[in-house]
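Here is a short briefing for a reader who is new to this structure. Please look through the sequence and the model first, and then follow the points below topic by topic.

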Number of protein chains: 2
Amino acid sequence: MRRDPFQAIADPTRRAIILLIAVQAMTPNAIAVHFDTTRQAVSKHLRILSECRLVKQERSGREIYYQLNPTKMKEIDKWLEQFRKIWEDRFNQLDNVLATIKNNKK
Amino acid sequence: MRRDPFQAIADPTRRAIILLIAVQAMTPNAIAVHFDTTRQAVSKHLRILSECRLVKQERSGREIYYQLNPTKMKEIDKWLEQFRKIWEDRFNQLDNVLATIKNNKK
DNA sequence: TATATTTGCAACCGATTGGTTTCATAATAA
DNA sequence: TTATTATGAAACCAATCGGTTGCAAATATA
């Protein structure tokens, strides 16, 4: 079973959950009321997010508060980092790569 | 069928393809030799990436060159942007959210 | 104690995914 | 013209996904 942050944020519901608990830690029940789905489905999403270490849990009696793990979110950002140069600095050069290849063949 | 950049980068092979063609535009055959899979499977990935507008195509005779569309990559970055403040500025504050909630209940 | 609440987990289900093989089409080369 | 090459598309398949219902365990409340 593949468990990485990229797969975790692929689902729109999970992205919404991440956004919710980024503001403040919440319990599964509190999260579930924001979605048109069952509490168990939300719990499944939280489990996946936990396995990817994108969220942290903290128990308080029978309630479990889930909150975002910003450090792990940074990993996705790190992957994007390698492209930042392309879309910022070398934007025009990249557009010419194809033309360059075609010219080399002549 | 959901087609968005988040789902597109969820697959590790597609992320590798993106990285490859970010350096220079390539044909499906040229891309496929880098992977332990068939040319057709790579073509399927390229189709998904195309549908998400993450890659651009340019035909040259019977060859089709695929290259990265940096603008669309930026959209993923835009979503991450909202969390950047959290993991940079408010890192310690966020860690205290749970404690705050628990204190409010007293 | 008896009951209600919060939660995770297992079993199941239809849809989607990523892969394969096979085939059709278009462009190049012999 | 006749091969060969490059590519996309279709049909199929096992595995995974996101959802459901039902249940058990632990904590809180009457």
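Trp79(A) and Phe83(A) are both buried, where buried means under 20% relative accessible area, exposed means over 50% and partly exposed is in between, computed with a 1.4 Å probe on protein chains only. The model is a predicted one, in which local features need pLDDT of at least 70 and side-chain atom pairs count only at pLDDT 80 or more, while totals for chains, interfaces and linings use all residues. Residues are numbered from 1 along each chain as its sequence is written, chains are lettered from A and ligands numbered from 1 in the order in which they are written, and side-chain values use heavy atoms, with hydrogens and water left out.

**Aromatic rings**

- Trp79(A) and Phe83(A) both belong to helix α5 (residues 70–88) of chain A, where they are four residues apart, about one turn of the helix; helices (H or I, at least four residues) and strands (E, at least two) are DSSP runs numbered from the N terminus.
- In chain B, Phe6(B) and Trp79(B) form an edge-to-face aromatic pair, with 5.5 Å from centre to centre and 80° between the planes; rings of Phe, Tyr and Trp (its six-membered ring) pair if their centres lie within 6.5 Å, and planes under 30 degrees apart count as stacked, over 60 as edge-to-face and the rest as tilted.
- Phe6(B) lies in helix α1 (residues 5–8) of chain B and Trp79(B) in helix α5 (residues 70–88) of chain B, so this pair ties together parts that are 73 residues apart in sequence.
- Both Phe6(B) and Trp79(B) are buried.
- Over all chains, the count of aromatic pairs comes to four.
- The ring centres of Trp79(A) and Phe83(A) are 4.9 Å apart and the planes stand at 65°, so this pair is edge-to-face.
- Phe6(A), Trp79(A) and Phe83(A) are linked by ring pairs into a cluster.

**Charges over rings**

- Arg15(A) lies over the face of Phe6(B), at 4.0 Å from the ring centre, the rule being that NZ of Lys or CZ of Arg is within 6 Å of the ring centre and within 35 degrees of the ring normal.
- The charged end of Arg15(B) sits over the ring of Phe6(A), 4.0 Å from its centre.

**Relation of the two chains**

- Chain B is superposed on chain A by a rotation of 180° with 0.0 Å of shift along its axis, at an RMSD of 0.0 Å, when copies are fitted by least squares on the C-alpha atoms of residues with pLDDT of at least 70 in both.
- That is the relation of a two-fold axis.
- Among the residues of chain B, Ala10(B) comes closest to the rotation axis, with its C-alpha at 3.0 Å.

**Make-up of chain A**

- Chain A has seven helices and two strands, and from the N terminus on its elements run α-α-α-α-β-β-α-α-α.
- Of the 106 residues in chain A, 46% are buried.
- Leu49(A) has its place in helix α4 of chain A, and this residue is buried, with a relative accessible area of 0%.
- Leu49(A) and Asn69(A) are 20 residues apart in sequence, and their C-alpha atoms are 9.8 Å apart in space.
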